[in-house]
Amino acid sequence: MGLNIISRRHFLGRTAGLAAGAFAGPNLLLRGQNAASKKLNLAVIGANGKGQSDTQGVTLDHNIVALVDVDMNRLNEAAKKREDHHVKSGQAAPAAPKLYQDFRKMFDEMANEIDGVIISTPDHTHYVAAMHAIKHNKHVCVQKPLCNYIGEVRELHQAAKTAKITTQMGNQGRTMEGQRLAKEWIEQGAIGTLKEIRLWTNRPIWPQGPLVKKAAECPSNLDWDLWLSSEAKEPYFEFEIPEGMSGKRGNSLHPFNWRGWWQFGSGALGDMGCHIMDATFSILGQLIPERIDATSSPISDTCAPVWSDLVYHMPAGKHGALKVSWNDGSKDGKPNKPEISPHMTSELAKKAFEKASSGMMFIGTEGTVFEGEAYCGSPVIYNEERYTQVRLDMKAGKIKKTETRSVMPNNPQGEWAHHIVNGGLPSSNFDYSCPLTEFVLLGNLAVRAQQSVQWDKQGMKVSNAEAPNKFVSRPAYRDGWKA
């Protein structure tokens, strides 16, 4: 399969031609089917790894007509895994999708055969891939974080609204029962008045901190130029693993270690924040913080820190003004976790907190909602007596279910496809997930600034210092990539 490195003139001519019709709103390509039994034709960009599990969320009910991956080995492996998944699920092997290394070539050749696109690539390519899909009038489901620059998040949001497409971000917790229960409990007084929120993760579990590049030979199966996508062309490189840092995941960016590099990923916060901060964002009424304080281990112009401590200062809204703390990584060989809630005094509670490598505590005047996982899938209340009473109140109807439930819990890709066919809004549509991603990325803005930042939401800028504003938008895009 030949690659399609498009000339700038060709690219501009093509996108100019698309512009006239791209924002009229997408039509389902029904192909003789009625809407109730509609099978979508979907493409997946970033076919293996997370892209493989995203594919499995929709492949049994819809048609995967194209897979895209810059790594030919992973591309072929993804196609085989999808076929095996169908067979193991008791279905016949599906029709083979077309395989591409360059998503631009896919759109050139078969845009009129595609209803929607799932994007599961490294963070730096989310924006360019999603904007190409939107300009081709396709519904989009994008992995978290939507982008790794706030400016890109805002542009993507506006483009999707103008196009009137169905959108989704792949944060599983937003589809789960637990997040809704936690919100209902807190809003209906199960823990008294909400006073503080503490969040944490054991990420990064990849090399991070000031890393040094070293020249290396690019694997023959990887198209490095396509992997860089809109970023400036540079020779393939690996990096030196600092003394004392685990080399378990190797020293190459692809396919996993890109997460720690500002250029390509968004560190521990970007990797896990859209999961762990999701329930907080929902419970606080989707507010944006007034100020973010940050301290961290040493950073560099290229890489995120080994650990960071953040405090988001939240204005009053559904609840009174309060602080949301975030801790990630390890300090001195120990997990960088917050102090345990004062309501978690039993041995059971202490063991649950000790076990939790990632989690959240919503601390009220009368109790704490605790979740020892990233997605807020199964929250509990401490102390235990209060939790018993809350469950009795739920059974008696004193605590009511007020939140809309997902039609496909724990399957954001399936939920997205359902709403394309049947109408309605997915749980993490861009009206929700774009502000959530901004909420998350504000933490990285403070870390990169190495100071407290005050955020002017309307002006999309840091108001108390000028220097951090260089981190709001991506500095540049290589010709031929920005739609």
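I take buried to mean under 20% relative accessible area. The model I am looking at is predicted.

**Entry 1: Leu-199.** I looked up Leu-199 and found a relative accessible area of 0%, so I note this residue as buried. Leu-199 belongs to strand β7, which covers residues 194-201. I then listed what Leu-199 touches, leaving out residues up to four places away in sequence. The list holds Ile-276, Met-277, Thr-280, Val-324, Ser-325, Trp-326, Asn-327, Gly-359 and Met-360. I also checked Leu-199 against Arg-104: the two are 95 residues apart in sequence, and their C-alpha atoms are 39 Å apart in space.

Entry 2: I turned to the UniProt record, an unreviewed entry, which lists residues 41-169 as "domain: Gfo/Idh/MocA-like oxidoreductase N-terminal". Over residues 41-169 I find 46% helix and 19% strand.

**Entry 3: helices α5 and α6.** How do α5 and α6 cross? I located α5 at residues 123-135 and α6 at residues 150-163; their axes come within 10 Å and cross at roughly 15°. Angles under 35 degrees count as roughly parallel, so I put α5 down as roughly parallel to α6. The crossing of α5 past α6 is left-handed.

I next wrote down the residues in contact. From α5 they are Tyr-127, Ala-130, Met-131 and Ile-134. In α6 they meet Glu-152, Glu-155, Leu-156, Ala-159, Ala-160 and Ala-163. I sorted the residues of this contact of α5 with α6 by type: 8 are nonpolar, 2 are charged and none is polar.

Note on methods: Residues numbered from 1 in each chain as written. Predicted model: local features only at pLDDT ≥ 70, side-chain atom pairs only at ≥ 80, totals over all residues. Heavy atoms only, no water. UniProt positions renumbered as here; feature names shortened; annotations may be inferred. Helix = DSSP H or I, 4+ residues; strand = E, 2+ residues; numbered from the N terminus. Axes fitted to C-alpha atoms, helices over the stretch in contact; angles between N-to-C directions. Parallel < 35°, antiparallel > 145°, perpendicular 65-115°, else oblique. Left-handed = near helix turned anticlockwise from the far one by under 90°. Contact = heavy atoms within 4.5 Å. Nonpolar A, V, L, I, M, F, W, Y, C, P; charged D, E, K, R; others polar. Buried < 20%, exposed > 50% of the residue type's maximum accessible area, 1.4 Å probe, protein only.
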